[in-house]
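Hi there,

Here is the structure I promised to pass on. Have a look, and then read on for what turned up.

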Amino acid sequence: MSLEDVASHSYYENHGVVPAPDTPLTIEVRGRVVAVAGTEVVGSLPTGLNYLARCLQDGFRYTGVVTASSGGNNPQVQADFLAG
Amino acid sequence: MPETFPILIGEVTVDFTMPTRTADAKVRLGGVVHAARGLWASGQVYSVGAFCPAYLVEQARSYLIQHGCKEFVLLGVVTGSPNVIAIADAKEVGHQGYEDILRDERQIIPSCDHIDLDRFDPIVIFPGRYDLDGVIKQIRPGARVTIDAAYDMENIDYFLSLKGMIDSLVISTSSSLFSKLASRDVSPLLDLARSVGAKQLLLKENRGGSRLFDLGSGDIEYITATLNVTANSVGVGDVFTAVFGTLEGDSRDAAWRGMQAATVYSQTTWPDDLRRDIEREFQMSVEVVRGLGGSTLPWHSRPNLQIYLAAPDFSYANYGEISTAVAALEYHNFRVRRPVKENGEANRDAPIESLSTYYFSDIQLLRECAAVFAIPINRDPGTLVEIGLAIEMGKPVVTFDPRNENRNTMVVRGSSSYSPDLDVCLNGTFDALSKIERGSRG
């Protein structure tokens, strides 16, 4: 999936670059449902996946990786996740 | 004071969703039963005041009692019509194409028995062909009354006669009253709601979310829509209204809970799944839900975010997919700019040097639009070039590929949304334009 608003989240703001492919990610609710690398937010998940907020609340956990990323004027990050 | 319970008042129908090439037919109890399912799944005890054809009474009573209904009150019997609604488009991609069979023959005979509605509060009314006055006269003075003006409420003078009796007015952008009064400007609707003494107006704007107007303070709460795969949109608005109208406490919170229940209702037609998912939804606090984000694209903002139609929209080609997509976008109040219709169409053997005028005019139109809706049927080269130009301009491109002809890396990844399914592309359009609109609102 494509993460949203990458340029305005803490990972890009702190490093000035997008995370490289294979960077490990988790999913958390920080206002929006977001993908997190370490402690920094990489991007928001599409709001069609808002139901993950209730799954997280129920105790489900999700891990994933960056599958592709590109910088420039419109930084973009693709990610894949699995439950467990 | 004796304990009171919520009651839902409306007609019971049979909703028959017609089969399509990809989906089986679906038959279920509809009308006020949609609202009842929503309350049952939300864990609420409620009653139903029903207007129902005689052949459905026992079935409806039994079904509702099994789904949380404390008391089934037969307010009247429908004659002359089976109260069967045939539904062509269950996802409301465009106009739903409701066929209310034998609607002009319908008569409603009020129940002969005196019915005491004094013990019910709050009250949620879904108007129909029945005598609304007769119902309202039986309501306990001071009861909290919510009216969903979806159907049979076009008469504004009649509305005004209800002054002082309505707490909340709920209306959808697909209702005839909205079309008549407020399709261009919401102010006349707000004025009407104030005139009848309503405290709030909830405007349900389909995939663009909802707005809750506090008519006292003037505050507006923007309720997001969560766009996902729609299983069936029939009755979704009724569930929203029922939860909003019956929850105790803050009306803003009730509107958010209504949205959550309605969203789940749109995603399944199986009652047990509905109940499980709504229970899980309601475990999140309203503040968490408010922070999750979603689509907010008010009806009246949509025409300002013009959409460029990139498609082989030529007079000599008659592609049904293009007209269906344009009709769906216009149904949702988007302004679709059609370059071929607006700037003219070059003759197929016109000299090359004569094409510049069309090219520059189309490029200018593309620059003026907020987004592109592309339908690259037959891999039309002009459409594919327009997709590329829009991507480079930073405009969102929604690509509807009904014939699966363009599963190309640059087309798929360059588009903010790509699908052969118009429903998905419509969601993509709302999502993309919602982000632009939110950015302009600050």
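What covers the buried residues of H9(B)? The cover includes helix H2 (51-57) of chain A, together with helix H1 (32-41) and helix H8 (251-267) of chain B. Contact here means heavy atoms within 4.5 Å, and buried means under 20% relative accessible area (1.4 Å probe, protein chains only).

Before going further, the ground rules: this is a predicted model, where local features need pLDDT of at least 70, side-chain atom pairs count only at pLDDT 80 or more, and totals for chains, interfaces and linings use all residues. Residues are numbered from 1 along each chain as its sequence is written, chains are lettered from A and ligands numbered from 1 in the order in which they are written, and side-chain values use heavy atoms, leaving out hydrogens and water.

Helices (H or I, at least four residues) and strands (E, at least two) are DSSP runs, numbered from the N terminus. The buried residues of H9(B) are Leu274(B), Asp277(B), Ile278(B), Arg280(B) and Glu281(B). They fall within an arc of 160 degrees seen down the helix axis (taken from the directions to the C-beta atoms), so they line one face of H9(B).

Glu281(B) also forms a salt bridge with Arg54(A), with the closest N and O atoms 2.5 Å apart. The count between chain A and chain B is 4 salt bridges (a side-chain nitrogen of Lys or Arg within 4 Å of a carboxyl oxygen of Asp or Glu). On the side of chain A that touches chain B, H2(A) gives the most, with 5 residues. The contact takes 18 residues from chain A and 16 residues from chain B.

Best wishes

Methods
Buried means under 20% relative accessible area, exposed over 50%, partly exposed in between (1.4 Å probe, protein chains only).
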